[in-house]
Amino acid sequence: MEEGSIPTFVDKSKVLSVKPLRTLRPLFVSSAQAPPLFSSSPSGPFPSGFTPFYPFSMNGESPESNEADEMDVDGVNGHTGSSRKRGPARQKKVAKKSVGSRNAGVSFTVNDGNGSIGNFIVRCSPFNKEDGNREMVEYVLMTFDAVRRRLSQVEEAKEAPNGSIKRPDLKAGNVLMSAGVRTNMRKRIGVAPGVEIGDIFFFRFEILLVGLHGQSMGGIDTLITRGGKGEHPLAVSIVSSGYYDDDTEDKDVLIYSGQGGNPISKDKQASDQKLEKGNLALERSLHQANEVRVIRGMKDPSNTSVKIYVYDGLYTIKESWLEKGKSGCSVFKYKLVRLPGQRSAFADWSSIQKWKAGLSSPVGLLSQDLSAGAEKITVSLVNDVDGRGPPSYFTYSTVLRYSKSFNLTNSSFGCNCHKACQPGDLNCSCIRNNGGDFPYATSGVLVSQKTLVHECSPTCPCFPNCKNRVSQTGLKLKMEVYKTTDKGWALRSWDPIRAGSFICEFAGEVVDSPTGMQGTGQEDDYIFDTSRVLDKSYKWNYEPTLLNEEIPDESAENDNIPSPLVISAKNVGNVARFMNHSCNPNVFWQLVQYEHNRDSFLHVAFFAMKHIPPLTELTYDYGISQFETRSKRKCLCGSEKCRGYFG
């Protein structure tokens, strides 16, 4: 997808009270500047050797729940198995005026080179920071992950000292907190504006930045209410991480364990839990019957050592009791029941697990594998809308068929790497072709959208599993083609999709005409055309100014790209042909180049723009054709940003 013009000058005098970042890493404040949230001592809850950073509490107030729910340290989204049982380790109180307070904010005034002045970074106004909306929530989440991906790229290009802990998620969170890029800072009971049931999060920091849960590690978030004989805590949200002895099997009922007592700790002696802090807040919420937001931790199907957090909606506490835990000590138990009438979230995950295990099938299943074995992972075909059969006939193909090659660059005939290409190795010609940066993080996600991504080719001597072959490895997600009520066939995934993840290539036949099949004059509904005009207000990449980096100049690459590249999937194609248009999409396309038989070819690869929950329709922006002969279609995406037509 195309980007708008990028400003080239930043007036740093307009940065509001933000200490400048002088390296590619975010600058961490010293304990003298701001009280740390975590202890950096080996006995404290924070990883040894890692610098403490700004507090996470809402509105600069000390959190009411001080027990650690879990510790994120694996460098992906970090889980060691520690949980709410972290015992007496307590978070330190923070100053009233933290960098993440309601008065903090940053707006960069820029000059675009043509005399036009405007805001480079969307300013988080006090209204947006106190009370969010969907647009603000998505902006915060996408900004966080974009900065995290870039920091991952920088860290992976270095030789890290032995024993060091790479935590780009924590560093990215600190950058956003320092810049005031967050929302829903005002604590509340009930819905967090802009956060939707079913939303997924790969990092605990994301949950904090959007105001869904105000604890970076604590499993119970509380709100102090005043009345009667004084102040009383109420529970406003909980995280059931899966590490505690919680009963999470029922889709509408959650048996949640209290905090404290070290019931499963290997390092500390277990003891009885006490009716204090978060446990007291849960007990009072039982009597007040207030709504509690529930976030459930789920295993990532693609990496079971990684946890994904799913917002499952509002619950109320119906019952509490005290029982003996596995350690022999007393543990508080709370029965939470989901409010009726809410859209499904955790229930969808439970259904998908049964489908994958063969215990049940989706309603309306027409075929177990639309690809007929062409894909490594089967593609389901489902129609639960009407009684009609499968889509019109086409030949399923996983590759793009060229009648001729495009001479993009002088063929390099592969890199000179004899193992896997390593980030930071400028002796690798493929890395040099990408401007010196490895385009993908170790996790396989695309770091930044570029004019062109150069991948390793069959002629490269590096290992076949080299991370620079992401778009050539085929489907890694369990996909489903399904019938909609108003848009025909569509595409979705049974698996959660992480922002930046490769989804699929647009397979088909390269054709000469964007208006029809090889000059036949027949309009083609399955055309992909790189010359279509896209919404230039869209920007997926990180803001270089947040990390004090220079804005890259990719204009030199434009001369190497043939225009247009037109692909038809009418007769030959893959799952990408079923992806519908949206004016507010969750998928974007990226041009990828690699060699085959010593000729250079372009490919169109689709990547996730944001975290995408399971069973969510996958859409991208078709753009607007520059040819007047091409008829425009009525848009049915239903988004607030809908422009009414496409094509």
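1. Let's begin with R401, which stands opposite E509 in strand 19. Strand 14 and strand 19 (residues 508–511) pair in the parallel sense, over 2 bridges. For terms: two strands pair if DSSP finds at least two bridges between them, while helices (H or I, at least four residues) and strands (E, at least two) are DSSP runs numbered from the N terminus. Both strands sit in an open sheet of 4 strands, ordered 14-19-21-20, with mixed pairing. Strand 14 (400–401) and strand 20 (527–529) are the edge strands, each pairing on one side only.

2. Before going on, a word on what you're looking at. This is a predicted model, where local features need pLDDT of at least 70, side-chain atom pairs count only at pLDDT 80 or more, and totals for chains, interfaces and linings use all residues. Residues are numbered from 1 along each chain as its sequence is written, and side-chain values use heavy atoms, with hydrogens and water left out.

3. Now the overall picture. The protein has 8 helices and 28 strands. Of its 647 residues, 56% count as buried; buried means under 20% relative accessible area, exposed over 50%, and partly exposed in between (1.4 Å probe, protein chains only). If you take contacts between residues at least 6 apart in sequence, 70% of them join residues at least 24 apart. Contact here means heavy atoms within 4.5 Å.

4. There's another open sheet of 4 strands to look at, in the order 11-12-16-17, again with mixed pairing. Strand 11 (365–367) and strand 17 (489–493) are at its edges with a single partner strand each, so one side of each has no neighbour in the sheet. From one strand to the next, the twist averages 30°. Inside this sheet, strand 12 (residues 379–382) and strand 16 (residues 479–483) are parallel partners over 4 bridges, and S380 stands opposite E480 in strand 16.

5. The loop between strand 11 and strand 12 holds A372. Its backbone deserves a look: A372 has a positive phi of about 55° although it is not a glycine. Most residues other than glycine have a negative phi. With a relative accessible area of 72%, A372 is exposed.

6. K277 also has a positive phi without being a glycine, near 50°. You'll find K277 in helix 5 (residues 277–288). At 22% relative accessibility, K277 counts as partly exposed.

7. How buried is strand 24? Of the 10 residues in strand 24 (residues 587–596), 9 are buried, so the strand is largely enclosed by the rest of the structure. Strand 15 (residues 453–454) runs parallel to strand 24 and is joined to it by 2 bridges, with V453 opposite V592. H596 stands opposite D599 in strand 25. The hairpin of strand 24 and strand 25 has 2 residues between the strands, and N597 takes a positive phi near 55° there.

8. On to the helices. Two packed helices are described by the angle between their axes and the distance between the axes. Helix 2 (residues 134–156) and helix 3 (residues 168–179) have axes that come within 8 Å and cross at roughly 130°. Axes are lines fitted to C-alpha atoms, for helices over the stretch in contact, and angles run from 0 to 180 degrees between N-to-C directions. Helix 2 and helix 3 are therefore oblique to each other (angles under 35 degrees count as roughly parallel, over 145 as roughly antiparallel, 65 to 115 as roughly perpendicular and the rest as oblique). Residues making the contact include F144 and L151 of helix 2 and A172 and L176 of helix 3.

9. T619 lies in strand 26 (residues 619–620) and is buried, at a relative accessible area of 7%. Beyond neighbours within four places in sequence, T619 is in contact with several residues, among them S582, P585 and V587. F578 is 41 residues from T619 in sequence, yet their C-alpha atoms are 9.3 Å apart.

10. C642 is partly exposed, with a relative accessible area of 29%. Not counting residues up to four places away in sequence, C642 touches C583, C635 and C637. S582 is 60 residues from C642 along the chain, with 7.6 Å between the C-alpha atoms.
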